[in-house]
Amino acid sequence: MLRQAFYGLILSMIFYLLFHGYTKLGLNYHFKKHYPGECRQVTGLDYGSEDMEVTQDGLAFITSGMDYSSNSEKYHSFIREKNIRGTIFLYDFKNPKLGASALRFQPSKTFDPETFQPHGISLLEDKAKGEHLLYVVNHVRHGKDRVEKFKFIPRVNELQHLRFFNDSKFLILNDVALISEDKFYASNYLFFESHFLSLFEHLLPIPLGGLLLVDGNHVTEIVKSLHGPNGVILSKDKR
Ligand SMILES: *[C@@H]1O[C@H](CO)[C@@H](O)[C@H](O)[C@H]1NC(C)=O
């Protein structure tokens, strides 16, 4: 009797985990394929592009070369062997023939392009001069996650580093969504830096992530206990 109850318990736990994994991966959703026009591949940015932001004028800023601590050793060595550098690419939807080109960084004391591993990106448009502000999640190689703030200088296609945001509440970040200058949401994606432990964090329903509100140097966790929150975006009215 006791043994049957025990087997029953194990079986229902397995079912629960399988069901959780199934819905977490979105396997229960069905998508209609929809193309707004002719599709073609943008070449030149082959590794780890996870996010992009597009201005109203059709200028796209695309992060490339993503890596973070809890990725597998195999992935880290792939990135190293291919000598993949973290970069932000520019692509103009109004001039697709130009393709994507990597933006240069202006020299800065507070930012080292060698350790740059960009992930989520959000932008604040400057309609007058085109000097858009970019906020980018940086999984600093061998360092702590932070958010970089750049100004795009359109005349020379360069990024000027303005400052960075760091905080003890930052875990492994994923994405940012700007409300106004120096005020943004950031998703705290994963708790564990170890690949092995993060596998459990992915597979088991343990909600160790959350949503942060960063306001200048002040960081508050506004939503607690989320399970691996990924992208974050605002509605058009920013509410
Ligand atoms: C943020 O960065 C500064 C400058 O590198 C450093 O002194 C400080 O300890 C960092 N804070 C956290 C919470 O990592």
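1. The unreviewed UniProt entry lists His119 under "active site", and the remarks below on this residue and on the charged pairs rest on a predicted model. In that model, histidine 119 is found in strand β6, which covers residues 118-124.

2. Is histidine 119 buried or exposed? Its relative accessibility is 1%, and because the limit for a buried residue is under 20%, histidine 119 counts as buried. Leaving aside the neighbours within four places in sequence, histidine 119 is in contact with Glu50, Asp51, Thr63, Met66 and Tyr68, and also with Val136, Val137, His139, Leu173 and Asn174. The annotation of His119 comes from the unreviewed entry, whereas the contacts of histidine 119 are computed from the predicted coordinates.

3. Turning to the charged side chains, a search of the whole structure finds 10 salt bridges. One of them joins the side chains of glutamate 131 and lysine 151, with an N to O distance of 3.7 Å. Glutamate 131 lies in the loop between β6 and β7 (133-139), while lysine 151 belongs to strand β8 (residues 145-153), so the pair ties together parts that are 20 residues apart in sequence. Glutamate 131 is partly exposed, its relative accessible area being 21%, and lysine 151 is likewise partly exposed, with a value of 25%.

4. A further salt bridge is formed by glutamate 148 and arginine 146, whose closest N and O atoms are 2.6 Å apart. Both residues of this pair, glutamate 148 and arginine 146, are buried.

5. The side chains of arginine 163 and aspartate 182 also meet in a salt bridge, here with an N to O distance of 4.0 Å. This pair links distant parts of the chain, 19 residues apart, since arginine 163 sits in strand β9 (residues 158-165) and aspartate 182 in the loop between β10 (172-180) and β11 (183-190). Which of the two partners is buried, and which is partly exposed? Arginine 163 is partly exposed, with a relative accessible area of 24%, whereas aspartate 182, at 17% relative accessibility, counts as buried because the limit is under 20%.

Conventions. Residues are numbered from 1 along each chain as its sequence is written. This is a predicted model: local features need pLDDT of at least 70, side-chain atom pairs count only at pLDDT 80 or more; totals for chains, interfaces and linings use all residues. Side-chain values use heavy atoms; hydrogens and water are left out. UniProt positions are given in the numbering used here, feature names are shortened, and annotations may be inferred rather than shown by experiment. Helices (H or I, at least four residues) and strands (E, at least two) are DSSP runs, numbered from the N terminus. Buried means under 20% relative accessible area, exposed over 50%, partly exposed in between (1.4 Å probe, protein chains only). Contact means heavy atoms within 4.5 Å.
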